[in-house]
Amino acid sequence: MALIRCCFEPPELELPEFFDGFIQKCTDPSCCCGCCSALRPRYKRLVDNIFPVNPEDGLVKSNMEKLTFYSLSSPDKLDRIGEYLYQKATKDINRKRYKLAEIAMEAMDQLLQACHAQTLNLFVESFLRMVQKLLEDSNPNLKIMATNSFVKFANINEDTPSYHRRYDFFISKFSSMCHSDSSDLRDSLRLAGIKGLQGVIRKTVSDDLVENIWEAQHMEKIVPSLLFNMQFCVNVMFVKKNLMASGDMVPVEDASNVTPPVLAEEVLRELVGRASFGHIRSVLKPLLTHLDRHELWVPNTFAIHTFRIVMISIQPQYSYTVVETLMQHLDSNFKSSPRTRTSLAVVLSKIIAIAAGESVGPSALDIINNLLTHLRTSVSTTTEITAEESQYQEALINALGEFANHHPDYQKIEIMLFIMNTVPDLSKKSKGDQMLQNILLKSLLKVGTQYSTVSFEKAFPASFLQPLLRMARAPHDPTRIIVMQIFQALLDRHQNEQVLSTVSIKPYPALSQEPPSRSDIIFTHKYGANIMQALIDSMALSDRVDALSASYNTAALLIVEMSCSETVQEFLLFILGIQQVACTVDTLGAVHRCNLHAIAISLLVLISRVSGINNLLEYAQKIIEARREEAVYYLPPLLDAKKVSAKNLNLALPHLSIDKLALGECMQNAGMDAQRLNTGAPYMLNQTDNPGHRHSWVESVSANMTTRNSSADLTVYNGDVDSVNSSPGVCKKLLAPEYNFDAMKRALAEPTEAAKREQRERQMQIVRTFREGEFDELMRRTEPKHDLIQNRLNELFNSLAVERQLTQSDSKATQQHAQQEKPVYETKFPELFYY
């Protein structure tokens with residue numbers, strides 16, 4: 001028989017819990033309250049009391065405080081309180097009494113905030129069931145309220161892990177709310193859905209024991225939902241940009257009002273920022289899938305915006321993973337339209353610079369290799385380069401340049417060397433190979449323009465310079481032009497390339513110049529002959545004006561950057577070599593020869609101006625005036641073979657050529673050494689793989705050898721003279737002139753011009769003695785004053801018993817000749833020839 005509680009029972013009296021099933025509601029009409037609520041458990045009575053008589057009045061705060069105090073004092077009743085609230089809310093929702101359901105949810109929130117972390121697990125299950133119940137209803141206000149409650153729960157740090165809690169329902173529900181398209185409360189529902197996803201991410205990403213948020217089934221819902229809301233933001237930005245361009249008024253937004261696109265971008269940043277190395281691809285895969293399915297690559301405004309967010313938010317050490325994933329996606333779309341591939345490459349070029357700072361060593365070269373592979377694939381898969389395919393290749397080249405720009409200079413050299421090693425050899429002359437050569441050299445040029453040259457020795461290592469000089473002799477004109485542009489990018493340290501881009505004999509007022517360092521002079525003596533020989537070979541290959549202008553620009557930059565008293569003779573021989581090719585090579589056309597003469601005189605004017613040798617400039621002006629009167633076609637500008645008839649060109653004018661002896665006289669009159677110019681031969685045409693004749697270092701430094709007098713000891717070398725190649729590792733700084741008493745004293749003590757001329761004559765006499773004298777005469781003049789080394793050798797030879805055994809087959813004449821012949825080891829060599 002069931003027990004019936006009366007309302008007159010004292011409220012403090014509580015029956016054991018097992019009586020709950022036997023208690024029935026009082027139906028006696030004479031009962032004062034209509035129901036015997038006093039007979040129910042205390043937590044139920046406290047819960048019932050928080051609900052007002054009129055639902056519009058809201059939660060009864062005083063009774064809610066009593067319920068909260070009871071929950072804190074009796075935490076073991078939390079699970080029952082939560083369950084009871086869930087049951088009451090379920091009944092109210094089923095009966096469409098939404099105000100009461102909202103009051104129950106509000107009570108849940110207050111209890112959740114008041115509970116301690118140790119007892120939270122007792123209450124969370126009922127709380128999540130309540131939130132789920134509200135989300136399942138069609139009432140948008142309940143969904144928004146449930147989402148806000150879940151966000152509050154997500155911000156609570158739990159000390160004890162939960163092994164059985166799952167959030168897959170919430171991920172699905174919040175994702176669907178992000179795509180809400182109802183006319184009323186659309187933005188509020190989307191905003192609530194994004195907040196809910198943010199709460200799920202915060203609740204699960206840091207706890208490995210709960211639902212794995214990084215699984216593909218969850219990321220395929222979260223990431224597209226965020227991107228769907230972000231698209232609206234990019235479209236609004238595009239509209240505003242057009243309005244600003246047209247001059248229309250742009251509406252001002254309230255900064256305090258958070259919109260779904262802004263919040264979605266914030267959540268995506270948080271999601272990417274929390275991703276570890278193993279999880280970043282889980283985010284990128286649905287992102288790329290979303291862009292593919294909705295065709296958001298063309299135009300690529302939204303794609304660039306999204307990937308920039310990803311690159312900025314990701315942990316720096318994982319940034320190169322995004323680049324690799326995007327390039328792999330580009331691999332999988334190799335059959336797509338050129339516009340799509342171009343957009344992908346542009347996105348890659350926009351974000352690759354962010355990853356460059358963290359890519360070192362193999363990862364950097366891997367990215368470069370992948371970009372070069374895409375370029376080779378683009379060339380090999382197309383028989384003819386279209387405009388769209390060319391844009392795709394340019395986008396890849398720009399990506400490579402942006403990636404290299406954020407690396408230090410030493411890595412840029414490694415990247416350029418790596419690219420050069422991938423360029424096809426000149427022996428492959430097919431159209432596809434030529435196209436590939438041009439594409440890869442353009443990539444090399446893109447990296448070269450980002451390099452800041454300080455020392456030519458570091459900018460042109462031998463392993464990089466040698467193949468570059470071979471490519472300068474390529475038969476294909478566009479290839480040679482690109483190679484010259486690479487030289488110009490690396491040689492131009494003072495931004496003179498635009499000034500020297502046109503062949504001209506006019507002065508250059510805007511020319512920037514400074515004296516070369518000792519290391520640059522060493523580099524010129526070591527590799528300058530190879531570079532100038534390659535330039536002559538390049539000029540002789542084609543009569544195209546653009547190709548000749550490119551070669552002239554390179555030669556002019558070389559002169560401006562490296563011209564000094566020690567190198568000016570080499571440059572004059574180079575100019576004479578250009579003229580000699582124009583005069584002696586019969587295979588060249590008339591217009592081609594005239595252009596070479598114009599280049600030679602232009603370079604002569606340039607070198608006379610940058611070196612400050614007025615005698616050279618006066619001589620060049622005389623030649624220019626003579627050519628203006630008799631052969632103006634020997635002067636700039638360059639002639640176009642298609643527009644000029646060769647019949648009107650008279651090339652039999654030897655008196656208008658640059659004279660070698662006259663150049664030597666100009667040098668001597670200026671007080672400079674002209675030995676190298678007088679004795680050396682001009683550069684000749686050499687279209688082989690050998691990068692030119694390497695001039696002997698003896699020829700370079702013989703003019704600098706000094707002695708005390710004509711009979712001085714030639715074994716003594718003046719240590720004050722900087723040998724070009726004897727100590728290549730030492731670079732002396734160019735000191736600014738000093739203006740003080742000591743400097744004036746040294747200037748007065750310097751020898752006169754007559755003494756300097758006499759000293760140069762003695763130097764030339766010594767050089768001629770070594771070059772033309774007999775060996776016995778040199779031995780006599782350089783014989784040491786003591787025989788210390790020879791005496792020591794005699795002692796060593798005398799201590800050894802050398803027995804000669806002659807064969808019986810030798811003739812008697814041979815024996816007598818052997819007895820009369822002086823042994824080699826008894827020949828006395830002077831100490832000068834021991835090393």
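Visitor: How many helices and strands are there in the protein?
Guide: The model is predicted, and its elements are counted on that basis. The protein contains 34 helices and 2 strands.

Visitor: What percentage of the 835 residues count as buried?
Guide: A residue counts as buried when its relative accessible area is under 20%. Among the 835 residues of the protein, the share that counts as buried is 47%.

Visitor: Among contacts between residues at least 6 apart in sequence, what percentage join residues at least 24 apart?
Guide: The contacts considered here are those between residues at least 6 apart in sequence. Of these, the share that joins residues at least 24 apart is 74%.

Visitor: How many salt bridges does the structure hold?
Guide: Side chains of opposite charge can pair when their charged atoms come close. In this structure, the number of salt bridges is 23.

Visitor: How many residues apart are K88 and D48?
Guide: K88 and D48 form a salt bridge, with their closest N and O atoms 3.5 Å apart. The pair links distant parts of the chain, K88 lying in helix α3 (residues 78-94) and D48 in helix α1 (residues 42-49). Their separation is 40 residues.

Visitor: Is D48 buried or partly exposed?
Guide: The cut-off for buried is under 20% relative accessible area, and exposed means over 50%. Because D48 has a relative accessible area of 21%, D48 is partly exposed.

Visitor: Which helix holds R341, the partner of E389?
Guide: E389 and R341 meet through their side chains in a salt bridge of 3.1 Å, N to O. This pair links distant parts of the chain, 48 residues apart. E389 belongs to helix α16 (residues 387-405), and R341 to helix α14 (residues 338-356).

Visitor: Is R544 buried or partly exposed?
Guide: D477, at 14% relative accessibility, counts as buried. R544 has 34% relative accessibility, so R544 counts as partly exposed.

Visitor: What is the orientation of α22 to α23?
Guide: Two packed helices are described by the angle between their axes and the distance between the axes. For α22 and α23 the angle is about 160° and the axes are 10 Å apart. That makes α22, relative to α23, roughly antiparallel.

Visitor: How do the residues of the contact of α22 with α23 divide into nonpolar, polar and charged?
Guide: α22 passes α23 in a left-handed crossing. The α22 side includes F523, I531 and L535, and the α23 side includes L548, Y552 and L558. The residues of this contact divide into 10 nonpolar, 4 polar and no charged.

Visitor: What is the distance in space between N553 and Q488, C-alpha to C-alpha?
Guide: N553 is found in helix α23 and is buried, with a relative accessible area of 3%. Not counting residues up to four places away in sequence, N553 touches Q488, E497, L500 and S501. N553 and Q488 are 65 residues apart in sequence, and their C-alpha to C-alpha distance is 7.3 Å.

Note on methods: Residues are numbered from 1 along each chain as its sequence is written. This is a predicted model: local features need pLDDT of at least 70, side-chain atom pairs count only at pLDDT 80 or more; totals for chains, interfaces and linings use all residues. Side-chain values use heavy atoms; hydrogens and water are left out. A salt bridge is a side-chain nitrogen of Lys or Arg within 4 Å of a carboxyl oxygen of Asp or Glu. Helices (H or I, at least four residues) and strands (E, at least two) are DSSP runs, numbered from the N terminus. Buried means under 20% relative accessible area, exposed over 50%, partly exposed in between (1.4 Å probe, protein chains only). Axes are lines fitted to C-alpha atoms, for helices over the stretch in contact, and angles run from 0 to 180 degrees between N-to-C directions. Angles under 35 degrees count as roughly parallel, over 145 as roughly antiparallel, 65 to 115 as roughly perpendicular and the rest as oblique. A crossing is left-handed if the near helix is turned anticlockwise from the far one by less than a right angle, and right-handed if clockwise. Contact means heavy atoms within 4.5 Å. Ala, Val, Leu, Ile, Met, Phe, Trp, Tyr, Cys and Pro count as nonpolar, Asp, Glu, Lys and Arg as charged, and the others, Gly among them, as polar.
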